[in-house]
Amino acid sequence: MSGTFGKGHHLHLIDGSAFIFRAYHALPPLTRKSDGLPIGAVAGFCNMLHRYVEGNTGPDAPTHAAVIFDKGSHTFRNDMYGLYKANREAMPEDLRPQMPLTRTATEAFNIACKEKEGFEADDIIATLAVQARAAGGRCTIISSDKDLMQLVGDGVEMLDAMKNKTIDRDGVFEKFGVFPESVVDVQALAGDSVDNVPGAPGIGIKTAALLINEYGNLEALLARAEEIKQPKRRQTLIDHAEQIRLSRRLVLLDENTPLDFTLDDLEVRDPDADTLLGFLAEMEFRTLSKRVAEVLGREAPVIAETSPALPDAPQADDVPFDAEKYEHVADADALQKWIDAIYEVGYVAVDTETTGLNEMTAELVGISLSTEPGKACYIPLIHKAHGGDDLFGSDDLAEGQMPVEQALQMLTPMLEDQSILKIGQNMKYDAKIFAQIGITVAPFDDTMLMSYAQHAGLHNHGMDTLSERYLSHTPIPIKPLLGSGKSAITFDKVPLEEAVKYAAEDADITLRLWQFLKPQLHRAEVTKVYETLERPLVPVLAAMERSGIKVDRDTLSRMSNAFAQKMAGLEDEIYEIVGRKFNVGSPAQLGEILFDEMGIEGGKKGKNGKYSTGVDVLEDLATEHDLPARVLDWRQLSKLKSTYTDALQTHINADTGRVHTSYSIAGASTGRLASTDPNLQNIPIRTEEGRRIREAFVAEEGKTLVALDYSQIELRILAHIADIPALKEAFARGDDIHAMTASEMFDVPMEEMTPEVRRRAKAINFGVIYGISGFGLARNLRIPRSEAQGFIDRYFERFPGIRTYMDDTKAFAKEHGYVQTLFGRKIHTPNIGAKGPHAGFAARAAINAPIQGTAADVIRRAMIRMPDAIADLPATMLLQVHDELLFEVEKGAEDTLIAAAREVMENANDPVVKLDVKLTVDAGTGANWAEAH
DNA sequence: GACATCACG
DNA sequence: GACGTACGTGATGTCC
């Protein structure tokens, strides 16, 4: 299609800067081999352009396209407002020299490349989009920048290339709560911390959308600001009217940027093969050159090897994923070739396929390996013929598999060879599967933990997330292979051809992630965290999980029956009071009965129109009415029964008679572990009835359980980090820390301390760790907010270091985007700059993270040292509950174990971190967990 | 699958 | 000075 741009034409506008920054952050700091020129961002940029061009086929392909860049740092917006984009970080040093190369790259692909001094790319995009619309054509803006959303509609849409998601008018509404024509009004009110647009203080996108929807537009709102009911909001709008108008001018895109070209100049052109291949060769992008050459039907240019390729050097340009190329290894010859290749490079990505997710019961089905990007294999071992269908004889193995013994005999020396690095994603899983059959995998790297060490708090660390984020590749989903629900099958029933593609791809992805993430560890300065706090924990946890803890089924069963009886009794009483039967377990039904039928005052509805019937609400009502108290009792029993006495029984392993939890190392952002399937970190203890559940956790015959827990570890760490002399001295003296706080705050001598005063001080101490607020403390203590605020003020007065710590921590988080523990663990705080309600949330999390995270690091270090420290004792470490370790030991050796374990725990910070406060550990023993704690 | 609720540190 | 508020988790049951 040609001629003047108009109806039937389709313009693509690519936000060049977004491409560059994404490429820069997604790739390691690659350099050109011949001269060391940084080219990581250019490499990523070229890959993205290539992928973009290749993806543009079919009827919706653009007829016109351009990549638009920013030019110069000073624009007309800086003249309007000196602080515009003032808090932007300077461009990284290794990115600067790459900027001109991205323009050259765009031209090499023969795509129009446009920029204009003094104008932002957004303004040029706006101008072109409006021109395209006026001419009757369509326009797609390839960007996810919210500043461009004001342009959407009437033939203009956006495409988030990252998520491959189109943003239309409805998409804009989802983001802003208004349609595109009102976006600037909302942005003017909400401001933007990234671009430093001031907006109206205290008003975020939600409130802004509410106001604009009510008043129609910004000018109408400002004109009628006096009518607003909320006093603060009204005053803000009146006081900051000019600032808001300025903000609107800042976010409003200029649709009349003077341009020295027309839409017709942007017509899509085929690249010139020589120019493009020449450029790629000059950049020394080997693989991309090959790919592009293939597409163009040309010979790939020869690029000299100017320096020997390092074995673990990341590839500057990536190999495309191609599941067809994965190898199905079916005999000893083929496997031997792989083992030889592994010894050649010294490392291998390994992944296991099994019959289930529970490593204690799952059986090994096959193994996949990868030694370089794009090169991977799957060694199926016990896949069933015909998908295990009974009609054909269910136990027949599929053809094309080597005997399990033979495969393992060949692989085991390699898996255990100290000179071969095994790379896994969540290696604890594979290590446990191999441990089941007597294979100890070592040494190893774990890509999940590498990601966690660098990016805790930013995103999760599952393979799908990492692959999409860092390899721009969506892995083959497992769902279609296994099905779901009742008809779900296990992996050994998956046909070999499909199994090879899926399984080998996992190894391929893992290897690529490792090549990408490993050099980044150093760049992010978290190598020590990974090497000392993450990786060494894997074998320790694997051993604990495999040990499990003995749980007595009869005890649970008896308790379950008792609970059921009590619940039935309570149900009768509840129905009696209400006058009919209903589902006591339904908060919705209960809410209506309490507040509508019975007419009790004080019902509060939540966001979906249901009354809240949480424990706080019911406890308040219980002083006046019988029903809430009964319901609370019923709920407690229901919880204990369903979650503990019943569910726990289903987790008792048939072979071991024990319960084997699984710890996630990379789940909690602060560095804490999390326990799942079942969660053994939330077994009841606070109420007498719940505590009895712990009686079912028992020691084996002839053994005893020993529990050791850190005393007040978070408060001790707070005393150290915030440097509070009074707290440090109290810990040194061994004082009751809450009583001391109370005495200091309320001027009560320690000898005359009452439980009530101490309770309040305790709540405040905890509040401080959580990033205290008057509201939260008031709610916790059930006192007026003003009184709670008074306590907090007094606390800050007596312990001024706390305030400094809080302020410094928030400032650090704002500046760096993360906070750190004493051991260097980073916890990212992406929402710290948010406006509105999110801000307080993020600030409190930032204040808490170094404290909770340091405590988590301390016990991790203790756990890592523990196996050696107790190696000569007849003892096993079973469980970790954040500040507690539970052991099982032969009778008679309790004291020796306590001495050894306490020594490790109390000195776990040594020698990396020197603490001003001593860590102390309390110990207990017993035949069951209730006694030991 | 979202939400409410409640178990733990 | 106000948006809604204590920090971090996981499992269960209801209800759409």
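# A walk through the model

Start by selecting helix α14 (residues 332-345): α14 lies across β7, β8, β9 (364-372) and β10 (375-380), and runs at about 45° to β9. Helices here are DSSP runs of H or I with at least four residues, strands are runs of E with at least two, and both are numbered from the N terminus. Contact means heavy atoms within 4.5 Å. Axes are lines fitted to C-alpha atoms, for helices over the stretch in contact, and angles run from 0 to 180 degrees between N-to-C directions.

Before moving on, know that this is a predicted model, where local features need pLDDT of at least 70 and side-chain atom pairs count only at pLDDT 80 or more, while totals for chains, interfaces and linings use all residues. Residues are numbered from 1 along each chain as its sequence is written, chains are lettered from A and ligands numbered from 1 in the order in which they are written, and side-chain values use heavy atoms, with hydrogens and water left out.

Now show the strands. Six of them form an open sheet with mixed pairing, in the order β7-β10-β9-β8-β11-β12. The edges are β7 (327-328) and β12 (444-446), each with a single partner strand, so one side of each has no neighbour in the sheet. Two strands count as paired if DSSP finds at least two bridges between them. Zoom in on β8 (residues 347-354) and β11 (residues 421-424): they run parallel and are joined by three bridges. Pick Val348 and you'll find Lys422 of β11 opposite.

Next, select β13 (residues 549-551), which is joined to β14 by two bridges and runs antiparallel to it. Lys550 is opposite Arg658 in β14.

Time for some helix packing. Two packed helices are described by the angle between their axes and the distance between the axes.

Select α12 (residues 273-283) and α13 (residues 286-296), which pack at about 170° with their axes 9 Å apart. That makes α12 roughly antiparallel to α13; angles under 35 degrees count as roughly parallel, over 145 as roughly antiparallel, 65 to 115 as roughly perpendicular and the rest as oblique. Ala273, Leu276, Leu277, Leu280 and Ala281 of α12 make the contact with Leu288, Ser289, Val292, Ala293 and Leu296 of α13. Sorted by class, this contact has nine nonpolar residues, one polar and no charged ones. For the classes, Ala, Val, Leu, Ile, Met, Phe, Trp, Tyr, Cys and Pro count as nonpolar, Asp, Glu, Lys and Arg as charged, and the others, Gly among them, as polar.

Hop over to α16 (residues 427-436) and α22 (residues 537-547), whose axes come within 10 Å and cross at roughly 55°. That makes α16 oblique to α22. Show the side chains of Met427, Lys428, Lys432, Ala435 and Gln436 on α16, which contact Val538, Leu541, Ala542, Glu545 and Arg546 on α22. This contact counts five nonpolar, one polar and four charged residues.

The last pair is α7 (residues 183-190) and α11 (residues 241-251), packed at about 130° with axes 8 Å apart. That makes α7 oblique to α11. On α7, Val184, Asp185, Gln187, Ala188 and Leu189 meet Ile244, Ser247, Arg248 and Val251 of α11.

In the loop between α7 and α8 (205-215), find Asn196. Asn196 isn't a glycine, yet its phi is positive, about 60°.

Then jump to Pro678, in the loop between β16 (674-676) and α27 (688-691). A cis peptide bond joins Asp677 to Pro678, with omega about -5°. Another cis bond runs from Asp910 to Pro911, with omega near -10°; Pro911 sits in the loop between α36 (894-906) and β23 (921-926).

Finish at Leu873, in the loop between α35 (837-869) and β21 (875-880). Which residues does Leu873 contact, leaving aside its neighbours within four places in sequence? They are Thr896, Leu897 and Ala900. For a sense of scale, draw a line between the C-alpha atoms of Leu873 and Ala61: they are 71 Å apart.
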